[in-house]
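Hi everyone, thanks for making time for this. Let me put the sequence and the model up on the screen, and then we can walk through them together.

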Amino acid sequence: VSDLVASPLSTDTSPPDSPLRRYAGIVDDVEALIASCSTPLPRVVWANPLRGDVGEIAARVEANHPSVERLRWLENAWRMPPSERPGNWVEFKLGQIHAQEEAALWAVPMLGVLPGERVLDLCASPGNKTAQLAIATGNTGMVVANERYGVRIDALRFNLDRLGVTNTVVTNRDGHGFRYDNEPFDRVLADVPCSCEGTARKPHGNRRDDDSAWRAQIVQVQVGLLRSALANVRRGGTVLYCTCTFAPEENEFVLNSISTEIAQIEPIVLPDGLHAAPGIPTWEGREFRADVKNAARIWPHHNDTGGFFVARLRRI
Ligand SMILES: C[S@@+](CC[C@H](N)C(=O)[O-])C[C@H]1O[C@@H](n2cnc3c(N)ncnc32)[C@H](O)[C@@H]1O
């Protein structure tokens with residue numbers, strides 16, 4: 001994780017015209033952050049190895065869609081202008097490619113899933129990361145994809161079917177108190193509901209960044225889901241906690257609610273060409289456990305992406 005974090009002396013005197021100004025003390029350039037969040041997001045797609053040879057899929061994508069540009073940090077993945085509609089491409093309909101936000105795309109590899117493992121995706125719909133988890137298992141082992149809200153199950157199933165995922169069980173339960181077969185998992189992904197500040201660049205990005213009462217309530221949901229993720233992983237196994245928001249309340253604060261005797265937060269090693277800032281040690285007078293610095297926060301203006309936060313916890 002690079003050191004793209006503001007100096008503790010950084011101050012901001014400009015008018016509070018954007019809720020993102022609350023981050024002036026923890027980001028290197030709040031004006032660049034605000035400017036980036038007001039521009040449309042480039043679209044990103046990746047080739048799906050479950051639906052053919054990725055080299056052949058790559059050749060087809062590059063021949064059929066001249067606007068695509070290879071991602072500099074991930075093979076067989078491309079970005080393109082926001083005006084493109086890859087969901088209408090024949091390669092998408094055939095499941096040969098999937099569209100996913102670039103800032104969210106790098107998270108699942110940080111979980112370190114191996115072929116044959118037993119993996120839980122606690123908050124799964126619409127299944128972008130479930131598909132990545134299934135691919136990481138080699139479509140072997142077992143993935144349990146859980147989603148609380150029934151209306152979001154169709155989208156999850158549709159994506160998994162289209163992408164050729166065959167090792168995944170879909171469940172429709174509250175992630176709090178979740179149990180499956182009373183067997184612990186090797187890895188658990190907790191990609192929790194959040195205020196979605198990092199999705200502001202999307203056409204329908206939904207942000208709740210100026211509603212502090214709502215935020216106080218979602219933090220309790222996030223703490224409960226992270227505890228449930230840790231209760232479902234075996235000792236020595238790993239949990240990935242993610243949000244698409246910048247707010248320390250929904251990130252470092254949630255991590256800080258976990259005892260250091262239950263889990264350690266391990267360093268995130270980012271792919272070359274992708275920049276992130278480390279977790280912050282304090283926020284509004286509150287000091288966090290020392291290992292939150294091992295988490296990684298993606299600011300949109302550093303990579304021309306959305307925003308994201310990832311922490312990898314090892315169950316003791
Ligand atoms: C950030 S989204 C997950 C995105 C998904 N992982 C992906 O990459 O496609 C969070 C999901 O958690 C679901 N959710 C909200 N509260 C939940 C709960 N208590 N238990 C399980 N899922 C929940 C939401 O409906 C939403 O689909």
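Let's start with strand β5 and its neighbour β6, residues 142-146: the two run parallel, and 4 bridges join them. Please keep in mind throughout that this is a predicted model.

Now look at what else pairs with β5. Strand β8, residues 185-191, also runs parallel to β5, with 3 bridges joining the two. Here the pair to find is Asp121 and its bridge partner in β8, Leu189.

Next, the ligand. Which residues come closest to the ligand? They are Glu147, Arg152, Asp174, Gly175 and Asp191, out of 21 residues that surround it. Sorted by class, that shell holds 8 nonpolar, 6 polar and 7 charged residues.

Let me point out a few individual contacts. A polar side-chain atom of Lys129 is 2.9 Å from an oxygen atom of the ligand. Pro126 takes part through its backbone, with an N or O atom 3.4 Å from a ligand oxygen atom. Arg148 also uses a backbone N or O atom, and that one lies 3.4 Å from a nitrogen atom of the ligand. As for how covered the ligand is, it exposes 600 Å² when taken alone, and the protein buries 90% of that.

Finally, let's turn to another sheet. This one is open, with 4 strands in the order β2-β3-β1-β4, and its pairing is antiparallel. Which strands are at the edges? Those are β2, residues 69-70, and β4, residues 97-99, each pairing on one side only. Zooming in on β2, we see 2 bridges in the antiparallel sense to β3, residues 77-80. The pair to find there is Glu69, opposite Arg79 in β3.

That's my tour, and I'm happy to go back to any part of it.

Terms used. Residues are numbered from 1 along each chain as its sequence is written. This is a predicted model: local features need pLDDT of at least 70, side-chain atom pairs count only at pLDDT 80 or more; totals for chains, interfaces and linings use all residues. Side-chain values use heavy atoms; hydrogens and water are left out. Two strands pair if DSSP finds at least two bridges between them. A residue is near a molecule or strand if one of its heavy atoms lies within 4 Å of it. A polar contact is a pair of N or O atoms within 3.5 Å; within protein, one must be able to donate a hydrogen and the other to accept it, and residues adjacent in sequence count only if both atoms are side-chain atoms. Accessible areas come from the Shrake-Rupley method with a 1.4 Å probe; for residues, only the protein chains shown count as cover. Ala, Val, Leu, Ile, Met, Phe, Trp, Tyr, Cys and Pro count as nonpolar, Asp, Glu, Lys and Arg as charged, and the others, Gly among them, as polar.
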